[in-house]
Amino acid sequence: MLRACLRGANATARTNLRGTRPNNLQQCRHYTAGESSGGAAKVVVAGLLTVGGGVGGTIIYAKWDHKFRAAVEKNVPYSDRLLGLAWGPLPQDGRPSVQKQVEVAQPPSMMEKQMKASKSKSEKKAKETTESPAAESAPVPPVQSLEEECTECHHHDDSAAPVAESPVTEPLKERPVEEVSARLAKQDQEEQDVIAAVSVSLEESLASSAKSTLQAIGAQEAALQAVIRHTLKLKEAMEAEAPPQEKSAQWKDLETSLAERNSAVNDAAAALTKANVALDSLKSVIDESKGLKVSAVRPVVLAAEENLHNMVVDLDKAVTKVQTAESEAKIVSQYSELVNEAKLQFQKEVSSLTPEIQANWKSLTGKLSPDDLNALIAHAHRRIDQLNRELAEQRVREQIHIDAALEQQKLEDQKALEKAVSTSLQHVKEEARLEQERKLTELREVMEAEMRTQLRRQAAAHTDHVQDVLKVQEAELRSEADQVLGSKLLEQETRYRQLSQEQLDNFTLDMNSAYARLKGMEEAIDSHVIAEEEARKAHQLWLSVEALSYTLKTADTNAPSVPLEVAAQAVRDNCSDNDFALALSSAFPQESLQRGVYSEASLRARFNSLRSLARRVALIDESHNSLYQYFLSYLQAALLFENKHEAPPTQLSSEDLDPFKLLSYASYCLEHGDLELAAKLVNQLRGEARRVVEDWLTEARLTLETRQVINLLSAYANAVGLGTTQAP
Amino acid sequence: MADEHGRKWDRCFADTVVKTATGLGVGVVFSVLLFKRRTWPVSFGSGLGLGMGYANCQHDFRSPYLIHGHMAKDQQ
């Protein structure tokens with residue numbers, strides 16, 4: 001605004017310079033005015049520029065340096081507002097704001113990281129948890145994750161695991177004894193039944209097999225016999241020279257025996273098969289009974305097995321016998337066949353030679369002609385030659401035949417040997433096994449006996465232990481019961497005692513209350529008397545205090561009241577037994593007693609005259625007390641105008657301690673009858689003014705003290721009077 | 001005590017007047033006798049008297065707690 005004015009002034013100056021100048025003087029004046037105004041304007045402009053530059057520089061520097069800004073705001077009154085407008089409020093923590101941003105940016109990232117970590121952890125946990133129930137429930141994930149060679153094992157395990165779990169998860173409780181014994185009895189019964197059944201079946205099968213075996217053996221024997229007979233007969237028939245009828249009889253015999261043999265052999269074979277069947281059934285029964293896992297059956301089974309083995313052995317022996325016999329018979333039959341062949345051959349030759357001789361050559365003993373005989377002899381010679389040749393050939397082939405026969409025999413022998421070896425091996429094996437089984441059963445029996453003894457021992461130990469535990473428990477329970485009994489007895493006793501005590505207490509209570517009432521009544525009567533006495537005294541006191549307060553009123557405008565001595569003495573006499581009133585009545589200041597006190601009105605009047613004096617010496621105190629100061633103080637009092645009366649504030653501040661103000665407050669208080677506050681305010685005067693009003697202040701104090709004491713006494717007397725009077 | 005102030009002033013003035021007058025007189029005397037009727041001893045003497053009175057007055061006002069010796073007739 002100033003600059004605008006300046007510009008305006010410059011402009012007007014210039015226009016004035018350029019405009020019409022009626023007067024040289026005026027021109028000069030205008031020039032000079034212009035120049036001077038120009039000079040002044042320059043100065044003003046320069047000053048304003050410096051000031052503006054200073055202010056701007058300060059503002060800009062304050063933006064950069066916070067300490068400087070704080071110093072400026074502290075020292076220059078309204079600069080904080082200006083700088084706040086320009087740059088915003090002074091940031092208390094300008095530097096840490098950046099750091100906070102960094103920190104704020106960091107925690108989100110850290111929180112993200114934490115969240116990720118927690119997520120992965122939870123994932124892992126979820127995986128584990130899923131794995132564990134999966135492993136329990138279904139075998140699929142762990143099977144897939146594991147190698148596949150043990151899938152079956154896993155399947156087994158998994159199938160076994162739930163199965164094993166279910167009995168484990170069931171609570172294991174001890175089965176009661178009866179159940180156990182019943183179970184055991186049942187088990188025994190079952191065993192017995194099984195044993196019986198098994199033994200019965202075994203016996204049956206044994207019997208049947210034995211029968212069939214015997215039959216087979218018998219049949220085999222019969223067959224053997226038949227075969228032997230047949231062979232004998234055949235041998236006899238071959239070798240023996242018997243008459244033809246016998247021969248034919250022999251041959252017939254032979255045939256019958258052959259037939260017998262065949263039948264016997266067939267019977268034997270049938271019986272053998274039957275026996276084999278029976279033996280197989282027995283074996284199966286034995287195997288079944290072995291599979292029953294009942295240990296008591298074993299000896300029976302073992303015996304049955306032994307029998308079976310023996311039967312088998314016997315059967316085999318018989319069969320071998322029959323086979324050997326049959327092989328012999330085969331040889332013999334072969335031999336007989338050969339012989340028959342030779343015979344037929346010879347017969348054919350003879351018949352070919354002598355066609356007319358049809359009958360058997362043995363019947364031609366006397367009927368033959370010499371030609372026939374010659375032919376026969378020639379044939380015989382030829383035959384002999386042939387036979388010699390054959391013999392020679394045969395001798396030549398003998399070795400080969402013998403070798404072949406030997407080999408064949410060897411083979412057959414080997415076969416037979418092998419068969420015999422195998423059967424004997426089997427028999428030996430069987431016997432060894434049976435021996436083992438027998439030993440096993442013996443051992444088992446021994447073990448069982450031992451186990452029984454151990455179990456018996458354990459049972460004995462268990463019973464001992466149980467007995468001990470029972471004893472201990474008995475002792476414990478007994479002690480507990482005793483304790484409970486003792487406590488109950490105690491309770492009863494205490495209750496009884498309590499009841500009797502209560503009765504006693506009630507009785508004493510009643511007695512005490514009656515006595516107390518009596519006492520109370522007596523005391524009430526006494527206190528009545530005392531109270532009346534007190535009332536009289538209080539009345540007297542009140543009267544004397546009233547007299548005292550009346551003496552205050554005897555003060556007139558410039559003279560003090562009468563001395564309060566007499567009235568105070570009267571009060572003291574009336575309250576000789578009361579410490580409070582005594583203390584109060586002796587608290588009168590001596591001056592008031594001797595001389596009396598001024599009234600408030602006189603003090604007020606005096607104050608008004610004092611006021612002017614105090615005003616006059618307001619500037620004077622111990623340090624400023626030269627005559628020049630006196631002159632100044634007088635000048636101030638003459639020139640300074642203040643309110644005659646001004647209401648004092650509830651709290652005096654430092655600017656209220658100005659003497660003029662204090663005096664106006666005090667006069668206001670006096671006008672409104674508040675001597676105490678006026679005295680307080682006057683008390684704040686310092687220096688010469690204070691000295692001037694000192695007298696007045698002491699008088700005011702006296703008056704106040706006396707009035708206070710009298711007020712207290714009258715209040716006390718009133719209170720006592722009220723207290724002693726009784727409401728109807 | 002308020003009256004004391006007034007009394008002080010009275011004394012002060014009286015004293016100053018007396019001293020000034022005395023000084024004036026002495027100055028006149030000296031001027032007449034020794035200094036060939038020049039004015040300077042007169043003004044000097046009166047100034048001396050005034051100054052003394054002023055100083056006394058100041059001293060009196062400055063020492064309020066000194067008991068001032070009254071002549072017996074003042075009391076009565």
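Trainee: How much area do chain B and chain A bury between them?
Mentor: This is a predicted model. Interface size is often given as the accessible area lost when the parts come together. Here 58% of that area lies on carbon and sulfur atoms. The total buried between chain B and chain A is about 1,300 Å².

Trainee: Which helix supplies the largest share of the side of chain B that touches chain A?
Mentor: The contact takes 13 residues from chain A and 12 residues from chain B. On chain B, α1 (2-33) and α2 (40-62) each supply at least two residues of that side. The largest share is five residues, and the helix that gives them is α2(B).

Trainee: How many residue pairs are in polar contact across the interface of chain B and chain A?
Mentor: Take charge pairs separately: the salt bridge count between chain B and chain A is zero. Polar contacts do turn up across this interface, with both residues at pLDDT 80 or more. The number of such residue pairs is three.

Trainee: Which residue pairs with Glu305(A) in a salt bridge?
Mentor: Side chains of opposite charge can pair when their charged atoms come close. The whole structure holds 27 salt bridges over all chains. In one of them, Glu305(A) has its partner at 3.4 Å, N to O: Arg433(A). The pair links helix α10 (residues 298-353) to helix α11 of chain A, and the separation in the chain is 128 residues.

Trainee: Where does α11(A) bend by about 45°?
Mentor: Start with the span of helix α11 (residues 370-552) of chain A. A straight helix of 183 residues would span 273 Å, but the end C-alpha atoms are only 227 Å apart. The bend of about 45° is at Arg397(A).

Trainee: How far apart are the end C-alpha atoms of residues 16-35 of chain B?
Mentor: An unreviewed UniProt entry annotates this stretch as "transmembrane region". In the model, residues 16-35 of chain B are 90% helix and 0% strand. Their end C-alpha atoms are separated by 25 Å.

Terms used:
Residues numbered from 1 in each chain as written. Chains lettered and ligands numbered in written order. Predicted model: local features only at pLDDT ≥ 70, side-chain atom pairs only at ≥ 80, totals over all residues. Heavy atoms only, no water. Helix = DSSP H or I, 4+ residues; strand = E, 2+ residues; numbered from the N terminus. Expected span 1.5 Å × (residues − 1). Bend = angle between axes of the 7 residues up to and from the residue. UniProt positions renumbered as here; feature names shortened; annotations may be inferred. Contact = heavy atoms within 4.5 Å. Buried area = accessible area lost by both parts, 1.4 Å probe. Salt bridge = Lys/Arg side-chain N within 4 Å of Asp/Glu carboxyl O. Polar contact = N/O pair within 3.5 Å; in protein donor to acceptor, adjacent residues only side chain to side chain.
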